[in-house]
Amino acid sequence: MDEKFVSFVVKRYLRFDKEQPFIFLSALLAYLGITVGVMVLIVAMGIMNGFDREFEKKLFTMNYPLTIYPKFLGTIDEKLLHHLEHQFPDMLFSPYISSQVIYKKGEHLEGGVIFGVDFERELRINEVLRKYLKREPKKYEAIVGKELWDTFFLTPNEKIFFIFAKSEPSGFSITPIFKRFKVIGYFRSGLIAYDKAYTYTTLYALRKILHIPKGYSGIHIYTPQPQKDILRIRDSLPQGVGVVGWWQQNGNFFAALKMEKRALFIVLMLIILIASLNIVSSLLMTVMNRRKEIALLLSLGATPKEIKAIFFRLGGIIGGFGILSGVILGLVGIFVLKNFDIVHLPADVYGTSHLPIQLSMIDLFSIIAGAVVIIILSSIYPAKKATQINVVEVLRNE
């Protein structure tokens with residue numbers, strides 16, 4: 001195949017033809033369509049990844065990387081805690097006691113979960129509490145989520161009733177345990193479900209209220225590699241004690257996010273597919289309007305392989321430059337959105353006022369690969385159609 005001949009004809013066909021302006025216009029629309037499709041797909045995937053990482057970060061903090069839980073009552077105690085801290089010095093441990101509770105102020109009632117924690121240990125692994133806690137609570141003091149704070153119109157050091165799920169006998173009846181707690185402040189994780197339900201107080205308070213002289217409800221663990229370290233922890237635990245990772249506790253949520261991301265990728269890839277139809281129509285119009293030239297080239301010695309290469313290369317150039325332009329514009333768009341506060345989000349809804357964007361290299365290469373495949377498939381039929389021209393009939397009639 002003569003590369004110089006193919007390149008010469010391709011350059012000629014790419015020029016603007018005053019007699020056939022619609023061919024050039026169709027090719028231009030195909031180029032713009034692919035450019036816009038790739039750009040939108042890159043920006044959309046970046047935003048989707050950004051929100052995924054933002055939600056993952058919130059869940060990672062409020063659910064903790066790993067949590068040790070008892071299979072039987074009283075299997076987690078101070079001895080097990082010290083054993084784990086000695087065996088895994090690279091990890092951080094925070095024991096806790098938890099209970100379901102109802103918050104009550106006046107006629108307002110809200111259900112939730114209260115954690116009794118050792119704040120010295122907890123603040124080392126809980127970024128949200130470390131950010132908002134001005135001082136450690138004492139005895140019957142608590143820090144609540146921002147949503148509960150707003151729902152009850154609380155003020156600093158105001159007291160509200162906590163009604164616990166555990167009951168105790170009172171004369172001839174059983175009454176729930178309730179206690180007034182002083183609310184010293186609030187925290188904001190960015191996730192409403194946690195900001196409305198979670199409350200933190202001292203281990204002393206819950207031990208006293210729930211009559212738990214020793215032992216814990218569980219142990220929260222921080223490690224930067226929870227999916228790897230869960231196996232190490234599991235092998236060192238005694239019978240009657242289990243460990244669960246935050247990704248296992250929220251499996252359905254992340255499965256839904258992954259499905260949504262996949263669906264968005266497919267839908268936006270259809271934009272590129274639709275734009276590629278312009279490549280097909282543009283090349284077919286070129287074939288139909290250049291029938292005489294193609295027949296003449298074939299009669300003068302051009303091979304069908306060279307004719308096919310001409311139109312295949314035409315489609316590749318239009319689509320290739322469209323992909324390149326789309327990638328450049330998409331990366332520029334991500335840079336602008338990431339570094340300039342153009343889009344402002346309500347922090348109480350999304351947990352952040354800035355648009356979170358993070359484009360992974362896997363997504364970028366997937367977008368480019370998908371677009372390239374579509375361009376190749378779009379160029380095959382017109383290139384094949386150009387070689388099926390009947391040379392004798394065309395030269396006789398035209």
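Modeller: A crossing is called left-handed if the near helix is turned anticlockwise from the far one by less than a right angle, and right-handed if clockwise. Helices (H or I, at least four residues) and strands (E, at least two) are DSSP runs, numbered from the N terminus. Before we apply this, note that the model is predicted, that local features need pLDDT of at least 70 and side-chain atom pairs count only at pLDDT 80 or more, while totals for chains, interfaces and linings use all residues. Residues are numbered from 1 along each chain as its sequence is written, and side-chain values use heavy atoms, with hydrogens and water left out.

Biologist: Which hand does the crossing of α12 and α13 have, and at what angle do these helices pack?

Modeller: The crossing of α12 and α13 is right-handed. Helix α12 (residues 291-299) packs with helix α13 (residues 304-339) at about 145 degrees, and their axes are 10 Å apart; axes here are lines fitted to C-alpha atoms, for helices over the stretch in contact, and angles run from 0 to 180 degrees between N-to-C directions.

Biologist: Which residues of α12 and α13 meet?

Modeller: Contact means heavy atoms within 4.5 Å. From α12 come Ile294, Leu297 and Leu298, which meet Pro304, Ile307 and Phe311 of α13. The residues of this contact divide into 6 nonpolar, no polar and no charged, where Ala, Val, Leu, Ile, Met, Phe, Trp, Tyr, Cys and Pro count as nonpolar, Asp, Glu, Lys and Arg as charged, and the others, Gly among them, as polar.

Biologist: How should I read a helix with a buried side, and which residues of α3 are buried?

Modeller: An α-helix has 3.6 residues a turn, so residues three or four places apart point the same way. Buried means under 20% relative accessible area, exposed over 50%, and partly exposed in between (1.4 Å probe, protein chains only). In helix α3 (residues 78-87), the buried residues are Leu80, Leu81 and Leu84. Seen down the axis of α3, they fall within an arc of 100 degrees, so they line one face of the helix; the arc is that of the directions from the helix axis to the C-beta atoms. Lys79 and His86, on the other side of α3, are exposed. The elements that the buried residues of α3 pack against include β1 (66-70), β2 (92-105) and α4 (119-125).

Biologist: What should I look for in the backbone angle phi?

Modeller: Most residues other than glycine have a negative phi. Lys139, although not a glycine, has a positive phi of about 40 degrees, and this residue is found in the loop between α5 (127-132) and β4 (141-145). Asn157, also not a glycine, has a positive phi of about 70 degrees and sits in the loop between α6 (146-151) and β5 (158-170).

Biologist: Are Lys139 and Asn157 exposed or partly exposed?

Modeller: Lys139 is exposed, with a relative accessible area of 53%, whereas Asn157 is partly exposed, at 43%.

Biologist: Which residues does Tyr204 contact, apart from its neighbours within four places in sequence?

Modeller: Tyr204, in helix α8 (residues 203-210), is in contact with Lys139 and Tyr140 once those neighbours are left aside. Tyr204 is partly exposed at 40% relative accessibility, and its C-alpha atom is separated by 8.9 Å from that of Lys138, 66 residues apart along the chain.
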